[in-house]
Amino acid sequence: MENRSTQLLKGTLDMCLLALLRAQPCYGYEIVQHLARYGLDLVSEGSIYPLLSRLLTRGYIESYLVSSTEGPSRKYYRLQPEGAKQLEQWQTEWDTFARAVECLLKGEQAHDHG
Amino acid sequence: MTMVDQETQQQIANLVNACTGYWELLGIPPQRRKEMRLELEQHVEQAVRDGKSLQAVVGPNALAFAESWARETPRQFPRGGTVVLRWLIFDWLAYALLFLLIIALFDHLILRSPSFSLTLAHVVAFAFIGVYTLLQAWSGFLSPRVRSREYRLRVAFGIYGGISLLVILLLSLTHFSWNLVLVRWEWPVTLLLIFGAAVLFGVKVWAGRSEGQKPLR
């Protein structure tokens, strides 16, 4: 059975990936390391790749190969303008959601959105 | 950071090969497949050097991981049709032909028979060879769970043995005439088949080498 933080991360991983790539272009393993530094540990590290693939297909990010003197080229990902726009939208949605949950947990009065 | 031993390297290679083969079957274009393969390989190697397991990267079910990645990747059409055809010709047919030639040569050289008869039993044996080559290709998905290559092969053989026994048991309940001759040919045809098999294996080796030599970009 997955714990709650794993489930929460699953639902927001695409947003987290875009946020990380906004800061700097990264390759797959680097992304996992950055996430871990924020305390976001993935159950399986490879689960970022299907998501990166989806973000690529939607044009939110792009990939490019960086040649290495030590071995084969490494694939890096960077944020695209379309991805930056999407990230802003997701961030707004997340803020609204997080505020609502926080209010609920603190037992504050609900605001009528209808 | 730890060094990657030979057994782990083999484990990684088997896993990556199994995933790549599966992506090929699903019709992921070669260039994209090569990139995915390289990414997976580099990630797993780095993770292992950092003291993590293969399961930490692909999860407990490597096939599900390969499937989820493929689902998010654009595919080319026909979906894996050419791959299935290639598997049929280069794997199944090549090994079935080899098997056929061994028994045909046994008939000609040891039993001194100028002709060879292909029976229904031989055809069933070809089907067994097909199942075996498929299982061999897919055994790499066991890599994250079964570290030793020897144990992986044992598990694959176990599955194969189980399937074979079940099929044999089912077939024994039927009343087919297993010695029914489907085709009969004389020894010159066997010689022609030897030539055909040599060409097929030559093309198989050449195709494998040229695939491995293509640059990433």
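The model is predicted. Chain B has 217 residues, of which 37% count as buried. Between chain B and chain A, about 1,900 Å² of area is buried. Three salt bridges are counted between the two chains.

**Chain B as a whole**

- Eight helices and two strands make up the secondary structure of chain B.
- Along the sequence, the pattern of chain B reads α-α-α-α-α-β-α-α-β-α.
- Along the principal axes, the C-alpha atoms of chain B fill a box of roughly 65 × 40 × 35 Å.
- Take the contacts in chain B with a separation of 6 or more: residues 24 or more positions apart account for 81% of them.

**Where chain B meets chain A**

- On chain B, 23 residues are in contact with chain A, and on chain A, 22 residues are in contact with chain B.
- Carbon and sulfur atoms give 50% of the area of about 1,900 Å² buried between the chains.
- Three residues, B:Glu39, B:His43 and B:Glu72, supply 32% of the area that chain B buries against chain A.
- Polar contact joins 15 residue pairs between chain B and chain A, counting pairs with both residues at pLDDT 80 or more.
- Helices H2 (30–49), H3 (54–58) and H4 (62–71) of chain B each supply at least two residues of the side that touches chain A.
- H2(B) gives the largest share of that side, with eight residues.

**Salt bridges**

- Over all chains, the count is eight salt bridges.
- One of them is between the side chains of B:Glu72 and A:Arg54, at 2.9 Å from N to O. B:Glu72 lies in the loop between H4 and H5 of chain B, and A:Arg54 lies in helix H3 (residues 48–57) of chain A, so this pair joins two chains.
- A:Arg54 counts as partly exposed, at 27% relative accessibility.
- A:Lys75 and B:Glu35 also meet in a salt bridge through their side chains, at 2.8 Å from N to O. This pair joins two chains too, because A:Lys75 is in strand E3 of chain A and B:Glu35 is in helix H2 of chain B.
- Both A:Lys75 and B:Glu35 are buried.
- A network of salt bridges links A:Lys75, B:Arg32 and B:Glu35.
- Within chain B, the side chains of B:Glu24 and B:Arg33 form a salt bridge of 4.0 Å, N to O. B:Glu24 counts as buried at 16% relative accessibility. B:Arg33 is buried as well, with a relative accessible area of 8%.

**Aromatic rings**

- The count over all chains is 10 aromatic pairs.
- In the pair A:Tyr27 and A:Tyr76, the ring centres are 5.4 Å apart and the planes stand at 75°, so the pair is edge-to-face. The cut-off for that class is over 60 degrees.
- A:Tyr27 is in strand E1 (residues 26–27) and A:Tyr76 is in strand E3 (residues 74–79) of chain A. They are 49 residues apart, and the pair links distant parts of the chain.
- A:Tyr27 is buried, with a relative accessible area of 12%. A:Tyr76 counts as buried at 18% relative accessibility.
- One aromatic cluster is formed by A:Tyr49, B:Trp23, B:Phe65 and B:Trp69.

**Charges over rings in chain A**

- A:Arg74 places its charged end over the ring of A:Tyr27, 4.1 Å from the ring centre.
- A:Arg78 places its charged end over the ring of A:Tyr64, 4.0 Å from the ring centre.

- B:Ser117 is in strand E1 of chain B. With 16% relative accessibility, B:Ser117 counts as buried.
- The side chains of B:Ser117 and B:Arg184 are joined by a polar contact of 2.9 Å.
- Beyond its neighbours within four places in sequence, B:Ser117 is in contact with B:His122, B:Val181, B:Val183 and B:Arg184.
- B:Arg112 is in the loop between helix H5 (81–110) and strand E1 (115–119) of chain B. B:Arg112 is not a glycine, yet it has a positive phi of about 55°. B:Arg112 is exposed, with a relative accessible area of 69%.
- A:Lys85 is in helix H4 (residues 81–106) of chain A. A:Lys85 counts as exposed at 56% relative accessibility.
- From A:Lys85 to A:Leu42 is 43 residues in sequence and 26 Å in space, C-alpha to C-alpha.

Key. Residues are numbered from 1 along each chain as its sequence is written. Chains are lettered from A and ligands numbered from 1 in the order in which they are written. This is a predicted model: local features need pLDDT of at least 70, side-chain atom pairs count only at pLDDT 80 or more; totals for chains, interfaces and linings use all residues. Side-chain values use heavy atoms; hydrogens and water are left out. Rings of Phe, Tyr and Trp (its six-membered ring) pair if their centres lie within 6.5 Å; planes under 30 degrees apart count as stacked, over 60 as edge-to-face and the rest as tilted. Helices (H or I, at least four residues) and strands (E, at least two) are DSSP runs, numbered from the N terminus. Buried means under 20% relative accessible area, exposed over 50%, partly exposed in between (1.4 Å probe, protein chains only). A charge sits over a ring if NZ of Lys or CZ of Arg is within 6 Å of the ring centre and within 35 degrees of the ring normal. Contact means heavy atoms within 4.5 Å. Buried area is the accessible area (1.4 Å probe) that two parts lose on being put together, summed over both. A polar contact is a pair of N or O atoms within 3.5 Å; within protein, one must be able to donate a hydrogen and the other to accept it, and residues adjacent in sequence count only if both atoms are side-chain atoms.
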